[in-house]
Amino acid sequence: MPKPKGLGPAGLSRAQVQTDDGWTKRWVQSKHQSDYGKFQLTAGKFYQDKERDKGLQTSEDAKFYALSTRFKPFSNVNETLVVQFSVKHEQGIDCGGGYVKLFPATLNQEDMHSESQYYIMFGPDICGFGNNRLQVILYHQGKYHENNKTLKCRINKDTHLYTLILRPNATYEVKIDNEKVTTGGLEDDWDFLPPRKIKDPYARKPRKWDERQQIEDPEDKKPEDWEDSEFIPDPEAKKPDDWNEAMDGVWEGPLIPNVKYKGQWKPRIIDNPNYQGEWIHPEIDNPKYKPDPTLCHYYNISVLGLDLWQVKSGSIFDNFLLTNDEEFAEEVGNMTWGLRKDVEQQWRELYEEMEKKKEAEEAKKKREKERARKEDIWGLDEEDEEDNEEDSEEEPDAGPKQEDSAKRASLGKKDVRFDQKDEL
């Protein structure tokens with residue numbers, strides 16, 4: 001593991017949360033609810049190294065999760081703060097959170113819940129197709145503020161590395177897999193403060209301001225022979241001799257299509273010589289705006305928590321890191337997520353291929369069984385199945401032994417395939 005160039009207040013660069021076999025001593029399960037979901041330590045179904053790639057995995061469907069770990073309190077005042085972790089949604093998450101939260105030291109870990117005050121919430125938040133956001137929610141003066149940009153997270157089954165950087169000059173950066181996805185100013189991308197500028201309440205658009213880019217040519221005239229009547233009276237129609245206007249009303253001949261009809265006439269369009277452009281409302285300095293040099297200055301940061309809801313469980317969280325050294329964070333990412341990503345992807349593809357073959361074989365057997373059932377109009381196969389069941393009852397010891405040996409042989413084959421993948 002690389003070492004940071006320098007330590008910040010309270011040893012910030014060393015606040016790395018390990019996920020190993022002793023994790024239950026460092027992480028606290030909240031008791032605010034009795035039915036919180038449980039985490040387990042595992043590398044999952046596909047990985048590079050079975051031990052080194054272990055992380056905290058959600059294990060129960062349709063559950064809230066509330067787990068946290070405490071470390072020595074620190075502040076990011078006049079310091080860069082880097083929040084970094086990896087998460088793998090190997091279950092193919094459809095709706096649920098994959099983010100972390102940073103809490104103040106005052107948090108009661110055994111009572112942590114979704115309403116507990118936090119400083120930072122950062123990470124994937126997925127619910128339904130297309131609704132996959134990368135949340136960056138920051139606490140300021142009693143309110144939570146979402147980033148005004150629409151940031152997208154990764155939604156495949158591979159492990160991804162998420163990094164948030166808050167700098168003392170009130171700028172930030174977000175990276176996924178050590179690649180920058182956005183950067184900017186805290187004031188610009190969050191509504192922490194009133195806007196610097198507002199529209200002048202006394203300014204009004206001039207009544208004669210012309211915003212029309214094009215107009216009808218005032219000199220264009222409709223030709224005298226222009227026919228714009230689609231139907232005309234039939235010139236050959238005659239009023240019946242017995243037509244009585246007193247009784248029948250005024251006689252109107254039938255209409256026929258006008259063969260000279262040219263459509264509705266419209267004057268040609270020309271550029272407006274008086275066009276002044278779109279009127280822009282002038283702005284003035286906002287008297288309510290006051291710069292705040294303490295934006296995102298957090299004191300006594302002391303708890304990292306996983307406060308989540310997941311419909312389908314299976315997400316694995318790992319490689320948690322809090323530091324004040326951006327380069328160090330990038331190196332850690334390359335030496336953890338970076339080393340595993342290619343092998344893990346190859347293993348996942350192999351695993352999914354094996355699963356597809358298994359499903360195809362099971363579907364084929366099911367179709368063959370269904371076809372045989374339809375063709376067996378005399379029910380002979382059912383009698384054979386009943387005879388086989390009777391034979392198995394007469395010899396209770398033979399069946400289980402054969403079945404057990406078959407399972408072991410099958411399991412052995414699977415183990416061989418997975419061990420081969422380990423060597424990738």
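**Close-up views of a predicted model**

**View 1. Surroundings of Glu 90.** The backbone nitrogen of Lys 45 is placed 3.1 Å from a polar atom belonging to the side chain of Glu 90. The structure shown here and in the following views is a predicted model. Glu 90 is found in the loop between β6 and β7 (95-97). With a relative accessible area of 8%, Glu 90 is buried. Apart from neighbours within four places in sequence, Glu 90 is in contact with Gly 44, Lys 45, Phe 46, Gln 57, Lys 157, Gly 314 and Ile 316.

**View 2. The ring pair of Phe 85 and Phe 320.** A search of the whole structure gives 16 aromatic pairs. In the pair formed by Phe 85 and Phe 320, the ring centres are 6.5 Å apart and the planes lie at 15°, so the pair is stacked, the cut-off for stacking being under 30 degrees. Distant parts of the chain are linked by this pair: Phe 85 belongs to strand β6 (residues 81-89) and Phe 320 to strand β22 (residues 315-323), 235 residues apart. Phe 85 is buried, its relative accessible area being 1%; for Phe 320, also buried, the value is 1%. Ring pairs join Phe 85 and Phe 320 with Trp 27, Phe 122, Tyr 162 and Phe 317 in a cluster.

**View 3. The nonpolar cores and Leu 166.** The largest nonpolar core comprises 57 residues, and the residues with the most contacts inside it are Ile 120, Phe 122 and Leu 166. When residues up to four places away in sequence are not counted, Leu 166 touches Glu 79, Thr 80, Leu 81, Ile 120, Leu 138, Thr 171, Tyr 172, Leu 186, Cys 296 and Tyr 298. Another core, of 6 residues, lies apart from the largest one and includes Ile 165, Leu 321, Phe 328 and Val 332. In soluble globular proteins, nonpolar side chains tend to be buried together.

**View 4. The buried side of helix α4.** Helix α4 (residues 326-335) contains the buried residues Phe 328, Ala 329, Val 332 and Gly 333. These four residues cover an arc of only 140° around the axis, and therefore lie on the same side of α4. An α-helix has 3.6 residues a turn, so residues three or four places apart point the same way. At the start of α4, a side-chain oxygen of Asp 325 comes to within 3.1 Å of the backbone nitrogen of Glu 327.

**View 5. Lys 341 and the ring of Trp 337.** Lys 341 has its charged end over the ring of Trp 337, at 5.5 Å from the ring centre.

Notes:
Residues numbered from 1 in each chain as written. Predicted model: local features only at pLDDT ≥ 70, side-chain atom pairs only at ≥ 80, totals over all residues. Heavy atoms only, no water. Phe/Tyr/Trp six-rings, centres within 6.5 Å; stacked < 30°, edge-to-face > 60°. Helix = DSSP H or I, 4+ residues; strand = E, 2+ residues; numbered from the N terminus. Buried < 20%, exposed > 50% of the residue type's maximum accessible area, 1.4 Å probe, protein only. Lys NZ or Arg CZ within 6 Å of the ring centre and 35° of its normal. Arc of directions from axis to C-beta. Polar contact = N/O pair within 3.5 Å; in protein donor to acceptor, adjacent residues only side chain to side chain. Core = buried A, V, L, I, M, F, W, Y, C linked by side-chain atoms within 4.5 Å. Contact = heavy atoms within 4.5 Å.
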